Amino acid sequence: MNDIIINEVGPRDGLQSQPTVLSPQQRGGLIQALFAAGLTNIEIGSFVSPIAVPQMAATDALAQALQVPMGAEVSALIPNMKGYELARQSGVDVVAVVVSVTETMNEKNIRMSLSQVMEVAEDIITRGSREGAQVQAYLAVAFECPFEGLVDPDRVVDLAARLMAAGARELVVADTIGAANPKQVRSLMERLVDNHGAPRLACHFHDTRALGLANVYAALEAGVRRFDAAVGGLGGCPFAPGTKGNVATEDVVMLCEQLGYRTGVDIDRLLTVVEMVAQLLDSELGGRAFGWLKQRAA
Ligand code: COA
Ligand code: ZN
């Protein structure tokens, strides 16, 4: 399979920990610009407590105002059934539930134990299937947890099997703090591809230790064709200390296209979106390849 699906998470993972809080109109403008750059899958925000994450307040108004192009898909992150209901009321039919693989990370992130989170996730998946929603399940801190250290891959494989059996459309394996290396990624993703097939799997990497792209490559070698990425390398979880940005969308597009895969993203338009976000947030942004890509475009 030569096509890569990039799920752009800048408007959610990217913005959720920024000191500058953008208005729903600014966030909407960013999302429309990302569609115009050829991204077809965008996580537009989250339906979480606005006290916990003020950056994501008013995702309902944002969702309702969006002009989603034909064939494109928007999704939103939800922590619980209330989030599911708010997402559906706003017309968002693809939702992402997050299960952290360790107890402590679940407590810090959404104040639930692992078994509670699994129960909530399974309930949301079942209800989603009944009501025509698509539920993606994230396994967060799938390689290393900022509180509990290295994660046993067997735990990830077991939780993945339960979420898939419940009917998750897709399982996203997330290196939330950017601590994984390509050998771990390849080995875990090969096991999951064997168990569930590549079309239902995706990977989510952070570039904290400069291994983001190497990890994308390792997952590609294991057969994975769906990746989360954030424009300009924005990103980080406010509840996981030490996180840096997501692997940058422009870097992932460059890698995939150089390897002969198709992403459908117009890189030059994407570079202008990087500049737009940098201006909105008044901060320097851009993936590792941004400078080179920009020069090449000039
Ligand atoms: N969306 C909006 N508000 C929500 C909500 C949701 N999905 N879930 C709960 N709330 C509200 C409740 O209605 C309640 O409001 P009230 O005080 O006005 O009555 C308040 O939040 C507290 O609810 P409670 O069930 O006691 O939750 P909590 O205080 O234990 O917090 C979460 C749990 C999950 C709501 C909160 O920790 C959260 O939203 N975390 C965000 C996690 C996140 O985004 N992480 C980064 C991405 S992985
Ligand atoms: Zn992340």
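Is Asp13 buried or exposed? I looked this up first. Asp13 is buried, at 3% relative accessible area. Here buried means under 20% relative accessible area, exposed over 50%, and partly exposed in between, with a 1.4 Å probe and protein chains only.

I noted the ground rules next. This is a predicted model, where local features need pLDDT of at least 70, side-chain atom pairs count only at pLDDT 80 or more, and totals for chains, interfaces and linings use all residues. Residues are numbered from 1 along each chain as its sequence is written, chains are lettered from A and ligands numbered from 1 in the order in which they are written, and side-chain values use heavy atoms, with hydrogens and water left out.

**Zinc site.** I looked up the donors of the zinc ion (ligand 2). They are Asp13 (OD), His204 (NE2) and His206 (NE2), at 2.0 to 2.2 Å. Donors are N, O and S atoms within 2.8 Å of the metal (3.2 Å for Na, K and Ca); water is not among the atoms, so sites may look incomplete. The donor spacing in sequence reads D-x190-H-x1-H. Asp13 sits in helix α1 (residues 10-14) and His206 in the loop between β9 (201-205) and α9 (212-221), so the pair ties together parts 193 residues apart in sequence. Helices (H or I, at least four residues) and strands (E, at least two) are DSSP runs, numbered from the N terminus. His206 is buried too, at 2% relative accessibility.

**Thr59.** I found Thr59 in helix α3 (residues 59-65). Thr59 is buried, at 2%. Beyond neighbours within four places in sequence, Thr59 contacts (heavy atoms within 4.5 Å) Arg27, Gly45, Ser46 and Phe47.

**Ala161.** I placed Ala161 in helix α7 (residues 153-166). Ala161 is partly exposed, at 35%.
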